[in-house]
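Subject: Structure handover

Dear colleague,

Please find below the structure I promised to pass on, together with its sequence. My notes on what was found in it follow directly after.

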Amino acid sequence: MKFLKIPAATITRLSLYTRALEGLIKDQVTVVSSKKLAELCGVNPAQIRKDLAYFGQFGVRGVGYYVKELLFDIKKILGLHREWNLAIVGVGNLGCALVAHENFTKQGYRFVAAFDADPMKAGRKLVTGLMIYPPSDMQSVCRDKQVEMGVICTPPEFAQDIANRLVDAGVKAILNFAPTQIQAPEGIKVENVDFSVKLDNLAYYLTTS
């Protein structure tokens, strides 16, 4: 089921809600009020109700939200009720750290392929057991392993070429950690993650506070 015209910020907050709800489950909390959930997520209760209203009716008036049910519903909305196959391109320090990060697996994201242009790395396995392939094998490997998302951790000058290769390999979504903006054809979703931009925001805050 697809929902149209949903603000990007709402999708981001839904992800935050899942983290809070998972924490509540660990604490054996069965019901949570919108006020308490809002406190955990750093938003206001009205925002939570507005975000959820895009997708239907949730919770019981005067009672709150049943934690497990709401978590299940939000994960289904986000597509986290299934596993997603990922390929990572660039297995330097950042790439290796991402592949080994257990939270990806917990959320249903499975790295099934890794690529690196360094001929000394091709043919070797990461500590997770993932085989490293040369970029020339990207199309065949991605199609064989049914890769749906690509993660780019290359130097900026190679990022666009890698993005083009991933698109040619049938990948429909790309998470780009290279410090450059990449372009993709219509229908291909791209998220750019530039850590330096976040640091610039912090620097501005410290400068003006």
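To begin with the cysteines, Cys41 counts as buried because its relative accessibility is 14%, where buried means under 20% relative accessible area, exposed over 50% and partly exposed in between, with a 1.4 Å probe and protein chains only. Cys142 is likewise counted as buried, at 1% relative accessibility, and its sulfur is 14 Å from the closest cysteine sulfur, that of Cys153, which is too far for a bond. The structure holds zero disulfides, a disulfide being a pair of cysteine sulfur atoms within 2.5 Å.

Please keep in mind that this is a predicted model, in which local features need pLDDT of at least 70 and side-chain atom pairs count only at pLDDT 80 or more, while totals for chains, interfaces and linings use all residues. Residues are numbered from 1 along each chain as its sequence is written, and side-chain values use heavy atoms, with hydrogens and water left out.

Helix α1 gives the most to the lining, with nine residues, helices here being DSSP runs of H or I of at least four residues and strands runs of E of at least two. By class, the lining has 24 nonpolar, nine polar and twelve charged residues (Ala, Val, Leu, Ile, Met, Phe, Trp, Tyr, Cys and Pro count as nonpolar, Asp, Glu, Lys and Arg as charged, and the others, Gly among them, as polar).

The second largest pocket holds about 370 Å³ of space, and of the 14 residues that line it, Arg49, Phe58, Gly59, Arg61 and Tyr65 are the closest to its centre. Helix α3 (residues 45-53) supplies the largest share of that lining, three residues, and the lining divides into five nonpolar, seven polar and two charged residues.

Best regards

How values were computed:
1 Å grid on protein atoms, 1.4 Å probe; cavity = no way out; pocket = protein on both sides within 12 Å on 5 of 7 lines; lining within 4 Å. Points joined across faces, edges and corners; volume = space filled by probe spheres on them.
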